[in-house]
Amino acid sequence: MVTVTPHPETHLDPRRWWALGALVASMLVLGFDMTILNVALPTMAGELGASTGEQQWMADAYVVVFAALMLPAGLLGDRFGRRRMLMVGLGVFLAGSLVGALAGDVTWVVVARAVMGVGGALVMPLALSVLPSLFPPTERTKAVGIISAASALGMPLGPIIGGWLLDHFWWGSVFLINVPMAAIGIAACLFLLPETRDPASPKVDAVSTALTAAGLGALIYAIIEAPNRGWGDPLVLALIAGSVALLAALVVRERRSVRPMLDMSLLAHRGFLLNAVAATLVMFVLAGLMFVLPQYLQAVLGNDALGTGVRMLPMMGGLMVAARAAQPVVERFGSRGVVSAGLVVLAFAALLGSRTTVESGYGFTALWLSIAGLGFGFAVVPAMDGALATLPAARAGSGSGLLMTLRQVGGAIGIALLGSLLASAFRDRLDVSGLPEGAADTARESVVAAHLVGDRAGAADLVTSANSAYVHGMGLVLLVCGIASLAAALLAGAFLPNTESNAEPNAKSRDAVTGAAKGKPAPEAAPKPTPEMTPRMAPGPADGRQ
């Protein structure tokens, strides 16, 4: 027996804010880990001898697995319980962190990051998928803002705590710190989060999952290897062609499926598609920036790991301020204007940052980082909320999984493409004249490696050249980020649906996605409740699942 409770818009469960606290704990873990690794990469590169390409894999192994498993993770949550799969995801994330803490070389670090990606793939979409069933449209923007702020709060804490750990312990401690964080998240989900599920959701398609993982993996591998081998190298071209074929096969398979894992009908909805594209392009810029920035702060400006973490705070502060202020600004100006303005601000910050020189110092960097954080927040929070608002409750898990898959694909390509652009520009500008061939090849691997070679050889000119080459490459990366942000702003301003009040457009969006034309309700009207739309706060007598 399943008891149908009133729709959340007419009967709000008082536990919803406590439940949001459980989701915040889960998101803190992911935000915390993201920036800890970025700050640790220069240290790990020095101690493990990792090249720029290997550093990209340490970052991208997590992101590629994350993106490939996001859709099946959302479906697993829909079918077997979102709270249950959230706890499983945190447990897998914990196990991967233990492997990373004990790793002795680059290969095992990459393996650990891949395992953590499996856990993250379960946590991220399911944390978002429960929001539509917990909160009415009038509160959803606030809830999304709190979730975004939680992830943002983990981001500045990660570099600071990670920097302190690196200054006092071995680099594996940045993985070990995730263990208590994940354990807290599991406990919070167990005691605070109500269970929701949709047993009628499609089954996980193993073939589609394999096509996704193989297609994305081949694309990322090709982009990372291209600076070393050249874009015309037969292996790189074969990988790109194989990636296109695999992803095309995925789309064809899903379009022919009666109950697809990749729900193409959601992409046909303009509100979902354009909001998802905006959020994806923001993630592209953010991931690339987070990859190049720590090496600049640590290697070029000479800060230690803790100092690097502290100096990333302006961007995180701007992001948190914007995440908190997004709801009232959207209510006043509409989501289209806010997303477009946020992207313009982000573009301005990136173009300003592209003017950075070796002599600029940290003050100039802090200025454009603060502006970038504001742009990130005002662009991504309304875009995420607008995309989530179009999802019917019964497809919240798979729909949010698709949204987060697109975002993570953007992040993976951002790290691979922008990291490769940086590596190529660095190699072209670095002056290694007078060095033995072996030392020159080592110096070209990364700015950290160039500093190590210069210090050992007593070659001050090599260190100076490395700093100049890296800043030049970072300027090119920021220039690309600025152009991408401007393009996204024009796209959002021209085509993004404008939402000034959440309640009525959300009801319309649900009808548009499901194809259930119910006419135009009054703004205060709520749709008729159905069992799929109502979260199960407790099992019914005939349902022993928790």
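**Ser97 and its surroundings**

I looked up the contacts of Ser97 (contact meaning heavy atoms within 4.5 Å) and, leaving aside neighbours within four places in sequence, I found Met116, Phe175, Leu176, Asn178 and Val179. I note that this is a predicted model, in which local features need pLDDT of at least 70 and side-chain atom pairs count only at pLDDT 80 or more, while totals for chains, interfaces and linings use all residues. Residues are numbered from 1 along each chain as its sequence is written, and side-chain values use heavy atoms, with hydrogens and water left out.

I placed Ser97 in helix H3, residues 82-102; helices are DSSP runs of H or I with at least four residues, numbered from the N terminus. Ser97 counts as buried because its relative accessibility is 0%, where buried means under 20% relative accessible area, exposed over 50% and partly exposed in between, with a 1.4 Å probe and protein chains only. Its side chain reaches the backbone oxygen of Phe93 at 3.0 Å.

**Phe175 and Val109**

I then turned to Phe175, which is found in helix H7, residues 173-176, and is buried with a relative accessible area of 1%. Not counting residues up to four places away in sequence, Phe175 touches Leu37, Met44, Ser97, Gly100, Ala101, Val109, Arg113 and Met116. Phe175 and Gly96 are 79 residues apart in sequence, yet I read 8.5 Å between their C-alpha atoms.

Val109 is found in helix H4, residues 106-129, and is buried with a relative accessible area of 0%. With residues up to four places away again not counted, Val109 touches Met44, Leu48, Met58, Ala103, Trp171 and Phe175. Val109 and Gly96 are 13 residues apart in sequence and 9.5 Å apart in space, C-alpha to C-alpha.

**Helix H10**

I checked the length of H10, residues 234-256: its 23 residues should span 33 Å at 1.5 Å a residue, and its end C-alpha atoms are 33 Å apart, which agrees. The expected span is 1.5 Å times one less than the number of residues. I listed the buried residues of H10 as Val236, Leu239, Ser243, Leu250 and Glu254.

**A ring and a charge**

Last, I looked at Arg311, whose charged end sits over the ring of Tyr362, 5.6 Å from its centre; this requires NZ of Lys or CZ of Arg within 6 Å of the ring centre and within 35 degrees of the ring normal.

Terms used
Helix = DSSP H or I, 4+ residues; strand = E, 2+ residues; numbered from the N terminus. Polar contact = N/O pair within 3.5 Å; in protein donor to acceptor, adjacent residues only side chain to side chain.
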